[in-house]
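Subject: Structure handover

Hi,

Here is the structure I promised to pass on. Please open it alongside this email.

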Amino acid sequence: MILRYLVVGKFFVCAALLSVCAVVPSSADEIKIDPELNGESQTGREWLDAKFVMRGLASKIVSALPADKAKDAKETDAFLKSPKNRLALARWRFMNAAGADAVVERIQKLDVRRTFFQFLSDEKWLDGYLYTGTPTNADKFLDMLLAIAAKDKKMVNDPTLRKIATATAAEFSRNGWSLDNPARAVKRYRFFAESWRAGKLNAVFDELDYWDMRIVCGWKGDNDFGNEYSMRWARDNVKLTEEGYASAYDIHQLDYRLWNKAGDSVHNPDYYAPFRRHFSTKKGEVNMSAMSLEVGAVCGGISHYGVSGAVSNGVPALTMGEPGHCAFAVRVNGRWRDNNSVSHRRDLHWRLLDGGGWTFIFLTQDLFSDAKKTPDSFRKAALARFFAETGKNRAAASALYSQALAAQPLNYLVWRDACGYAKSQKANRKFWLQTHDKFIAAFAGKYPEVCATGLRTFVYPQLLAETKTDEEKLKLFDACFAAFKSKGPATWDMESFWEAQCAHLSADGKKKFVESGKRAFKGNPDYEKIFSDWASGNSRNKED
């Protein structure tokens, strides 16, 4: 019964196509350790002194880019053209994120140190971790990476295996799954490494970069749908084309059941209880995908089944929360498509950027697909952090954040860091006014939801605190009305943004806000009716 949907002809066709397209593992790409890391003794013992290491890296950076020159964008660009400089910066950024003392503690053994030095010797590998999101819990990331390397000696010399290991360790450490025990991350790595070596994954898996490899390898490490047992079943039994995972007809294979066959409600623990032992290993791992197919599920189970089927076969997918509902999305040919959705209000369950709204996944795709502007932006932001945190020059830090945003205006993470730094330096109202205008210019045209989220998160708390009158505030809000020409890649919760803006206005100011919005959106097919309904008290959000 479990395999009832797999006997349909199209599934055999899909499986055959995938078999033909199976990817043969790439040849080894051995990383040679930078002689500078080994030292004359060939042991790298100087790297066992944390303060010495950080002073040495700082000295290399400052000697190549003094603080006064860092304020000049041309000088910064010249610095970053050098692979040696970029590598020194990446090493400093990693050591800073992980904590030099914590790193030194972890590389006491010579064999571990060798793996670590291989990581530090490859710029692309370092960048794949550092510049595909915020390096959260970098010390724990290192624990997991080293644990994976200890179990698979060939990992460090194969580009695809390095990506799998890095993506897995990055996501498992970022989310706090078994921080003190890397075993779960090792098992996830093993699943994808073995599946890839055996040619069992969708051909799209080989096209993934570090950032989108994280979507796949980082799937629900704390969830029964994400355990190795369940994922192996999903890999072998939910075989579809890339498009099939986004098709409501193809992927909705299990029944929607509020009550199981015994009459137990899905809202109590007895729903799956009678069936768990039939779908569990001796170690207690539950094959959640197979059990859901057999017993049934509601929205959460259906969406998790859909995503598990996709990611277990190497296709990027993620679940999304909606009011009282769980939906999911799958990427097909570089474009994200929603599935099992009932609302425009969506909260992404996976995100590299802070914002969780639906259009943030489109921004993430756009941002990390730019292999030139985005890495350049992250490197300049890393330089800004360097000058800020080492006390070398705060004016240089501010200038470098500006350069980083000029290099890639869509880099939401750099906006967050730049605004956080400005807040710590008690930037004046003029700065926040300029930031307000630049932020709108960067996002309002293409990603109005991102613009609204960023303004509420980074800018308004500082700017509106120093903006006293309704008149001044309305000028700021009018700038949004003027800039929001379209809804962006998908509809979004505009009403919540307008509510947040109105919360800063008096009763009279709110009336003027509504009048201004109606004028600005008149004739606009994306905003006019929604704004008018909201202003009259008939917000779409009341439907939930």
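First, the ground rules. This is a predicted model, in which local features need pLDDT of at least 70 and side-chain atom pairs count only at pLDDT 80 or more, while totals for chains, interfaces and linings use all residues. Residues are numbered from 1 along each chain as its sequence is written, and side-chain values use heavy atoms, with hydrogens and water left out.

**H8 and H10**

Start with helix H8 (residues 110-121) and helix H10 (residues 138-151). Helices (H or I, at least four residues) are DSSP runs, numbered from the N terminus, as are strands (E, at least two). The axes of H8 and H10 come within 10 Å and cross at roughly 110 degrees. Axes here are lines fitted to C-alpha atoms, for helices over the stretch in contact, and angles run from 0 to 180 degrees between N-to-C directions. H8 and H10 are therefore roughly perpendicular to each other. Angles of 65 to 115 degrees count as roughly perpendicular, under 35 as roughly parallel, over 145 as roughly antiparallel and the rest as oblique. The crossing of H8 past H10 is right-handed. That label applies if the near helix is turned clockwise from the far one by less than a right angle, and left-handed applies if anticlockwise.

H8 brings Val112, Thr115, Phe116 and Phe119 to the contact, and H10 brings Phe141, Leu142, Leu145, Leu146 and Ala149. Contact means heavy atoms within 4.5 Å. Eight of these residues are nonpolar, one is polar and none is charged. Ala, Val, Leu, Ile, Met, Phe, Trp, Tyr, Cys and Pro count as nonpolar, Asp, Glu, Lys and Arg as charged, and the others, Gly among them, as polar.

**H23 and its partners**

H21 and H23 have axes that come within 10 Å and cross at roughly 10 degrees. These two are therefore roughly parallel. Tyr412, Trp415, Arg416, Cys419 and Lys423 of H21 meet Val450, Thr453, Gly454, Phe458 and Gln462 of H23.

H23 passes H25 in a left-handed crossing. On H23 the contact residues are Ala452, Leu455, Arg456 and Tyr460; on H25 they are Ser496, Phe497, Ala500 and Gln501. Five are nonpolar, two polar and one charged.

The expected span is 1.5 Å times one less than the number of residues. Buried in H24 are Lys473, Leu474, Leu476, Phe477, Cys480 and Phe481. Buried means under 20% relative accessible area, exposed over 50%, and partly exposed in between (1.4 Å probe, protein chains only). The cover over these H24 residues includes helix H22 (429-443), helix H23 (448-463), helix H25 (494-502), helix H26 (507-521) and helix H27 (528-535).

For H26, 15 residues should span 21 Å at 1.5 Å a residue, and the end C-alpha atoms are 21 Å apart, which agrees. Gly509, Phe513, Val514, Ser516, Gly517 and Phe521 are buried in H26. They pack against H24, H25 and H27. Gly523 follows H26 and has a positive phi, near 85 degrees.

Phe521 is in H26. Phe521 counts as buried, at 1% relative accessibility. Leaving aside neighbours within four places in sequence, Phe521 is in contact with Phe481, Phe484, Trp498, Tyr527, Glu528 and Phe531.

Trp92 is in helix H6 (residues 83-98). Trp92 is buried, with a relative accessible area of 2%. Leaving aside neighbours within four places in sequence, its contacts are Met54, Leu57, Ile61, Ala382, Arg385, Phe386, Glu389 and Thr390. Trp92 and Ala382 are 290 residues apart along the chain, with C-alpha atoms separated by 8.9 Å.

**Two lysines with positive phi**

Lys220 is not a glycine, but has a positive phi of about 35 degrees. Lys220 lies in the loop between helix H13 (210-217) and helix H14 (228-237). Lys220 is buried, with a relative accessible area of 17%.

Lys426 also has a positive phi, near 55 degrees. Lys426 sits in the loop between helix H21 (412-424) and H22. Lys426 is exposed, with a relative accessible area of 73%.

Best wishes
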